[in-house]
Amino acid sequence: MNNIENSLGGVLSQPEFTSATALSTAANYIMNAPEPFTHTYRTYIRLRENGSLTLKFWHSNAVDSTWDLGADAVASEPGGEWSIEAAYVADGGAAPDGSIVPGSQVPVTFGGGRTRCVEPGGQFWSDEALLELPEGHMLAFTWTLKTADAGKSFPYNVEGMLVSGYDAPGNLAAQESADAFRESDKLQVLPSFLGYKKGVTKKLVFLGDSITQGVRTAKDQYTYWAARIAEGLGTQFGLWNVGSGWGRAYDVATDGPWLHKAQQGDEVLIVLGVNDLDIGQRPADELLGDLAHIISRIKEAQPEAAVILSTVPPFNFEGGREIHWRKVNDCIRTCPPAGVDRVFDMAAVLSVAAPADHRIKPEYMSDEFDPHPNGAAGKAVAEAFLAWYRG
């Protein structure tokens, strides 16, 4: 594969393909094992359309966002050397249980081959795969990965599972039954981009953290706001959700793979800042500087792209974090960074009334202690966004 085919620009070189799902497949962790291993991962995904599908996948072997304080995985860290031993798409049925509909497996190939070696930091496309997926059924994506050495290998997402997944030791990708598979826990191992051939009027990218990813909402229900917006817009709009748990603006500002994903949109919605202010303990001016850098880099790559910047959602900050949260949102509302085309005030949708508007409405919290927005919050944000977007 030459450098052009292996570059991030390869996403743009396949304009006839758009994201097939509102599920984020961003990576915020990296597999780190004491010895080499072979393991199979099967994930069930609701696609934006069913029927006769031409599918194609693109993958980036790098971490997108920093996990926690970065002891285990940091933004733009390249993955190790590993290989795809086998990969399949299949009819996963209406209720994910670890098995697939018999006879529905379609092999995924790479340059005509069933296997592929993956180099550190590499990016690549699969070949097209044709699948008939009945209405109401989920796509089952199964692949067997083999690591070359002990230590760090493939990136994945370790946040709470939003979709059902199963995994098993060994090379079981071709197996139709659930035998030997166990339900996965915080182990979403998927290609970076799940695409299907579809003509759309506009491609949107949603760039954010766990709130964009949908963390803490119900598994397999797609009740987070990004998924609800995708449903409300309809399939004439493409939507690539690259929300990543623990993600922060300074991760994107490293000019690595996560930023390049955002640069693929005709329109980019940015919802970042909670983790910068919280675990990152960044002051308002540094966060605003990182946002300005991200926006400028998107515009450099795609001059015609529209950038929507959201206010930072409320996260029950106190003390200094609340002060900086207010400064950032005041700036976004009144004097956003250069290159911003529109501002969406997500904080106004989720916040209680002033002067306690730094707090999320209790009915929108995942539980009494966790300010991650729940499915009801997803509904409220999506309705507000769609009315604003179309207004």
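How many residues does helix α7 have, and what distance does it reach from its first C-alpha to its last? The legends below begin with this helix and describe close-up views of a predicted model.

**Figure 1. Helix α7 and its buried face.** Helix α7 spans residues 319-334, which amounts to 16 residues. From the first C-alpha to the last, α7 reaches 23 Å, close to the 22 Å expected at 1.5 Å a residue. Buried positions in α7 are E322, W325, V328, N329 and I332. Viewed down the axis of α7, these buried residues fall within an arc of 130 degrees, so they line one face of the helix. An α-helix has 3.6 residues a turn, so residues three or four places apart point the same way. The packing partners of the buried residues of α7 are α5 (274-277), α6, β18 (306-310), β19 (342-344) and α8 (346-350).

**Figure 2. The cysteines C331 and C335.** A disulfide is a covalent bond between the sulfur atoms of two cysteines. The structure holds zero disulfides. For C331, the closest cysteine sulfur is that of C335, at 5.4 Å, which is too far for a bond. Seen from C335, the closest cysteine sulfur is likewise that of C331, at 5.4 Å. The cut-off for a disulfide is a pair of cysteine sulfur atoms within 2.5 Å. C331 is partly exposed, with a relative accessible area of 22%, whereas C335 counts as exposed at 52% relative accessibility.

Figure 3. K299 belongs to helix α6, which covers residues 284-301. The side chain of K299 is joined to that of D341 by a polar contact of 2.8 Å. When residues up to four places away in sequence are not counted, K299 touches A305, A306, V307, G339 and D341.

**Figure 4. N374 in the loop between α8 and α9.** N374 lies in the loop that connects α8 to α9 (375-390). With a relative accessibility of 16%, N374 counts as buried. A polar atom of the N374 side chain lies 3.0 Å from the backbone oxygen of E363. Apart from neighbours within four places in sequence, N374 is in contact with T217, E363, Y364, M365 and S366.

**Figure 5. Aromatic pairs that include W240.** The structure holds 25 aromatic pairs. One of them is formed by W58 and W240, whose ring centres are 6.3 Å apart and whose planes meet at 85 degrees, so the pair is edge-to-face. W58 is located in strand β4 (residues 51-60) and W240 in strand β16 (residues 237-241), so this pair ties together parts that are 182 residues apart in sequence. W58 is buried, with a relative accessible area of 1%. W240 is also buried, with a relative accessible area of 6%. A further edge-to-face pair joins F193 and W240, at 5.0 Å centre to centre and with 75 degrees between the planes. This pair links distant parts of the chain, 47 residues apart, with F193 in strand β14 (residues 193-197) and W240 in strand β16. F193 is buried, with a relative accessible area of 5%.

**Figure 6. An aromatic cluster.** One aromatic cluster is formed by Y29, F37, Y41, F57, W67, W82, F141, W143, F154, Y156 and W246.

Notes
Residues numbered from 1 in each chain as written. Predicted model: local features only at pLDDT ≥ 70, side-chain atom pairs only at ≥ 80, totals over all residues. Heavy atoms only, no water. Buried < 20%, exposed > 50% of the residue type's maximum accessible area, 1.4 Å probe, protein only. Helix = DSSP H or I, 4+ residues; strand = E, 2+ residues; numbered from the N terminus. Polar contact = N/O pair within 3.5 Å; in protein donor to acceptor, adjacent residues only side chain to side chain. Contact = heavy atoms within 4.5 Å. Expected span 1.5 Å × (residues − 1). Arc of directions from axis to C-beta. Phe/Tyr/Trp six-rings, centres within 6.5 Å; stacked < 30°, edge-to-face > 60°.
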